[in-house]
Amino acid sequence: MSRASVTEPEDVVWLRAGDALAASARREATALARRVGFTDRRIADVSLAVTEIATNLLRHAEDGAIVLRPSRTDGRVEVECLCLDTGPGMADVAGAVRDGHSSTGTLGIGLGAIERLADTFDLHSLPGRGTALLARFRAERPRPATADGWGSRPVAAGLTRPISGETVCGDTWAVRAVAPADGSEPGLLTVLMCDGLGHGPLAARVSDRARQIFRETAAEQPRDIVSQLHEGLRGSRGAALAVAEVDRRAGRVTLCGIGNISAFVVEHDRRSALLSHPGIVGVQMPTTRTYSADLTPGSALVMHSDGLHQRWSPTDLPGLLTRHPSVIAGQILNQAGLRRDDAGIVVVPAARR
């Protein structure tokens with residue numbers, strides 16, 4: 001028998017680069033690891049790794065931020081640290097990760113040691129433009145072995161960032177996955193990307209309600225889910241949103257979108273848009289329509305709000321689609337995110353073949 005699970009954004013802490021970043025990151029990471037039940041020894045590992053990541057950011061990057069959040073994978077809670085910077089990037093990523101490569105002014109443990117402390121480690125760097133680095137930590141060691149070195153392989157990942165000056169984000173995302181009883185990767189996913197109108201707590205309230213409806217609905221088709229969201233958001237300020245069904249085994253995406261939600265099937269050298277129609281879910285919605293596209297091996301579905309500009313191109317992000325979904329989401333937001341708006345993105349890579 002198959003089982004369904006819903007992945008949603010957890011509490012996200014954004015820490016901008018500044019003199020106190022290392023201390024703030026260490027304090028927040030320690031508190032998060034303790035809150036989700038890590039042992040003192042594992043908390044020390046997280047604290048050491050996150051402090052080194054923050055110190056490297058301050059020492060070498062032009063600007064950037066660290067994102068800390070809990071993440072649930074395979075029934076376990078992990079602590080995730082995502083570091084995004086705006087340059088100068090790394091020309092030799094493999095060399096930077098090798099043991100013994102540590103720059104003056106850091107703790108000196110190097111990226112190789114951070115990789116060993118983490119259960120999942122990945123990074124993507126664009127020389128002259130910036131780096132996205134991911135480290136995820138489980139409460140228990142050792143990590144499971146995988147061919148790519150990732151401790152777990154999520155089928156999707158998302159990220160939200162509030163507009164400058166706000167602490168809560170009006171954008172949200174969720175993924176409902178149907179996993180076979182044999183433990184293999186989920187073959188059917190339903191994905192929500194939602195942008196509550198405006199910013200701050202009122203917009204976040206709309207998005208939270210949309211996510212609740214998405215989580216509880218028995219509807220399966222994107223059009224039916226969007227219709228239920230429209231009814232459930234009546235009386236609110238409304239939202240732009242899109243719902244996609246991803247059949248990873250058939251390699252097919254079907255999407256129904258209303259408002260300024262961008263959706264693309266992205267390959268290494270091109271992207272194909274899936275259309276959304278003008279309207280405001282919960283306020284005024286046209287007749288819904290769906291659009292479909294192939295999701296071929298090596299490609300990914302990327303959905304984001306208008307807090308990211310649409311000018312980004314996969315040809316400007318070489319190698320990104322081979323990276324961990326959290327790195328893909330983080331690097332696209334890093335390169336295309338707008339500070340004057342809430343930003344949200346969700347990524348679903350094609351199934352491996």
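Which residues of helix 5 are buried? The legends below work up to that view, starting with the whole chain.

**Figure 1. Overview of the predicted model.** This is a predicted model, in which local features need pLDDT of at least 70 and side-chain atom pairs count only at pLDDT 80 or more, while totals for chains, interfaces and linings use all residues. Residues are numbered from 1 along each chain as its sequence is written, and side-chain values use heavy atoms, with hydrogens and water left out. The protein has 7 helices and 16 strands; helices (H or I, at least four residues) and strands (E, at least two) are DSSP runs, numbered from the N terminus. Of its 353 residues, 55% count as buried, where buried means under 20% relative accessible area, exposed over 50% and partly exposed in between (1.4 Å probe, protein chains only). Take the contacts (heavy atoms within 4.5 Å) between residues at least 6 apart in sequence: 70% of them join residues at least 24 apart.

**Figure 2. Helix 5 and its cover.** Here is the reply to the opening question: Gly200, Ala203, Ala204, Val206, Ser207, Ala210, Arg211, Ile213 and Phe214 are the buried residues of helix 5. Their cover includes strand 8 (171-179), strand 9 (188-196), helix 6 (222-232) and strand 10. With 17 residues at 1.5 Å each, helix 5 should span 24 Å, and its end C-alpha atoms, 25 Å apart, agree with that; the expected span is 1.5 Å times one less than the number of residues.

**Figure 3. Phe214 in helix 5.** Phe214 sits in helix 5 (residues 200-216) and counts as buried because its relative accessibility is 0%. Beyond residues up to four places away in sequence, Phe214 touches Ala174, Val175, Arg176, Thr190, Val191, Leu192, Ile225, Leu229 and Val243.

**Figure 4. Asp247 in strand 10.** Asp247 belongs to strand 10 (residues 239-247) and, at 27% relative accessibility, counts as partly exposed. A polar atom of the Asp247 side chain lies 3.1 Å from the backbone nitrogen of Ala250. Setting aside neighbours within four places in sequence, Asp247 is in contact with Gly187, Leu188 and Arg252. Pro186 is 61 residues away along the chain, yet its C-alpha atom is 9.2 Å from that of Asp247.

**Figure 5. Helix 2 against helix 4.** Helix 2 (residues 40-60) and helix 4 (residues 110-117) pack at an angle of about 150°, their axes 10 Å apart. Helix 2 is therefore roughly antiparallel to helix 4, a label for angles over 145 degrees. Axes are lines fitted to C-alpha atoms, for helices over the stretch in contact, and angles run from 0 to 180 degrees between N-to-C directions. Arg42, Asp45, Leu48, Ala49, Glu52 and Ile53 of helix 2 meet Gly110, Ile114 and Leu117 of helix 4.

**Figure 6. Helix 1 and the residue that follows.** In helix 1, the buried residues include Leu21, Ala22, Ser24 and Ala25. The 15 residues of helix 1 (residues 21-35) should span 21 Å at 1.5 Å a residue, and the 21 Å between its end C-alpha atoms agrees. Just after helix 1, Gly37 takes a positive phi of about 95°.

Definitions and conventions. Parallel < 35°, antiparallel > 145°, perpendicular 65-115°, else oblique. Polar contact = N/O pair within 3.5 Å; in protein donor to acceptor, adjacent residues only side chain to side chain.
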